[in-house]
Amino acid sequence: MTGTYPHVTLNNGVSMPALGLGVYQSKPEETTAAVVAALNTGYRHIDTAAAYFNETEVGEGIRRADVDRDDVFIETKLWITDYGYDAALHGFDKSARKLGVDTIDLLLLHQPLPSAFDTTVAAYKALETLLADGRVRSIGVSNQSPTELQRLLSESDIVPAVNQIQLHPYYTQPDWQAENAKHGIITQCWSPIAGSYTYNGNERNPFEEPTLVELGRKYGKTPAQVMLRWHLDHGFSAIPKSVKPERIEENFDVFDFALTANEIAAVDALNTGVSGSIDPDVINLTDHAYVIPE
Ligand code: NAP
C-alpha cells in the first residue's frame, strides 16, 4: 500500500481515520481475527455497535493486534433499548466494559426512535454528559433523516460530529448528505460497497457495474476499491465490512489513486434512489427490542 491514510476532522477538532473496518454481521468467532487483520494491515478505525453483539471480540482484537489502544479510533453505538438518559449512561458502561476501554472515541445513537423521539433526545443528552466528562471523545447519530436531525439539533446543545447513514453508489441520499454538510456533520457511509443492496430484492451487482469496472480497469483497481475511493474523494468516512483477510487488505489499498471530478460524477449518477435496507424509521421497541447484555 502506498499513499497517505486520509483522516477527517470532526466538528470538535478530533481527527478520525476516514476508512474503518465495519463488523456488522461479523460472527463473534470471526470478529477478533478480522479486527487483528485490519489493524495489522494498517486500519486504525473500527466501527461496531452494542446491537452487533461482538464488542467483546472487537476489544480482544485490539488487544491482540500489534498496536497501542490509543492509536485506534473505536466507534460504537447504543441500541434503542438503552435510550433515555440513565439507560444511555448505563449503555455506555456496558459497551466500554465489553470493549475493555475507559474511553470510546465516537459514540453514536444507532437509530432515531420516531415513536419515542423524546427518549432519543434524552439518550443524546446522556452522550453530551459523557462528552463533558471525558468518557467519549466525540458523539454522533446514525440513520437520522434531515427532519429528525433538525429536531434533535433544536432540543440539544452539541451538534453531532457524525451521522452514519446508508450511502453507496446505488443509494447516495443527496438530501441527507446536504443536511449533514449544512451543520458541519461528517457523513459516514454504511454499506459503502453496497453490501446491503440486495436486501430489498434489488438485483444490480456493483462488482459487475460497467462504470465501476471501467474505472477499476483504468486505475488497476477492483470495483470495491473504486467505490471506497469515491467515498474518500467525497470527503466521507466509510466503514466496509469483511472477515476475509484478502478483502480487508483490498479495501485498504485505496490511497494511491484519486478519481477526477467527472469520474466522481459518473459514480454519483449510478444512484437509483432505492434503499438497500429497511426504512430506519420503522425501527421500534416492539419488533427490535434487542436486550443488550451487561
Ligand atoms: P458493506 O461493507 O458495503 O459490504 C459488506 C459485504 O461485502 C460483506 O458481505 C463482505 O463479505 C463483502 N465484501 C467486503 N469486501 C469485499 C470486496 N472487496 N469484494 C467483494 N465483496 C466484499 O456492507 P455492510 O456490512 O452492510 O456495511 C458496512 C458496515 O457499516 C457494517 O459492518 C457496520 O459497521 C456499518 N453498518 C451500520 C448500519 C447502521 O444502521 N448504522 C447498518 C449497516 C451497516 P465478507 O465479510 O465475506 O468479505
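Helices (H or I, at least four residues) and strands (E, at least two) are DSSP runs, numbered from the N terminus. The model is predicted: local features need pLDDT of at least 70, side-chain atom pairs count only at pLDDT 80 or more, and totals for chains, interfaces and linings use all residues. Residues are numbered from 1 along each chain as its sequence is written, and side-chain values use heavy atoms, with hydrogens and water left out.

Start with the largest pocket. A pocket is an open set of points on a 1 Å grid over the protein atoms alone, with protein on both sides within 12 Å along at least five of seven lines, and its lining residues have an atom within 4 Å of a point. The largest pocket holds about 1200 Å³ of space. That volume is the space filled by probe spheres (1.4 Å probe) set on the points, which are joined across faces, edges and corners. Its lining counts 45 residues, and Tyr-24, Gln-25, Trp-190, Ser-191 and Ser-196 lie nearest the centre. H8 and helix H9 (245-252) are the elements that give two or more residues to this lining. H9 provides the largest share, three residues. By class, the lining has 22 nonpolar, 17 polar and six charged residues. Here Ala, Val, Leu, Ile, Met, Phe, Trp, Tyr, Cys and Pro count as nonpolar, Asp, Glu, Lys and Arg as charged, and the others, Gly among them, as polar.

Now the sheet. It is open and has eight strands, in the order E3-E4-E5-E6-E7-E8-E9-E10, with parallel pairing. Strand E3 (21-22) and strand E10 (237-238) stand at the edges with a single partner strand each, so one side of each has no neighbour in the sheet. Two strands pair if DSSP finds at least two bridges between them. Take E7 (residues 139-142). Three bridges join E7 to strand E6 (residues 106-109), and the two run parallel. Leu-109 has Val-141 of E7 as its bridge partner. E7 also pairs with strand E8 (residues 162-166), again in the parallel sense, over two bridges. There, Ser-142 stands opposite Gln-164 in E8.

In a regular strand the side chains alternate between the two faces of the sheet. In E7, Ile-139 and Val-141 lie on one side and Gly-140 and Ser-142 on the other, and all are buried. Buried means under 20% relative accessible area, exposed over 50%, and partly exposed in between (1.4 Å probe, protein chains only).

Leu-212, Leu-215 and Gly-216 are buried. They cover an arc of only 105° around the axis, which puts them on the same side of H7. The arc is that of the directions from the helix axis to the C-beta atoms. The buried residues of H7 pack against helix H8 (223-234) and helix H10 (261-268), where contact means heavy atoms within 4.5 Å. The face turned away from the buried side carries the exposed Pro-210, Arg-217 and Lys-218. Just after H7, Gly-220 takes a positive phi of about 70°.

Gln-173 lies in the loop between E8 and helix H6 (174-182). Its relative accessibility is 8%, so Gln-173 counts as buried. Ala-194 sits in the loop between strand E9 (186-190) and H7, and is buried at 7%.
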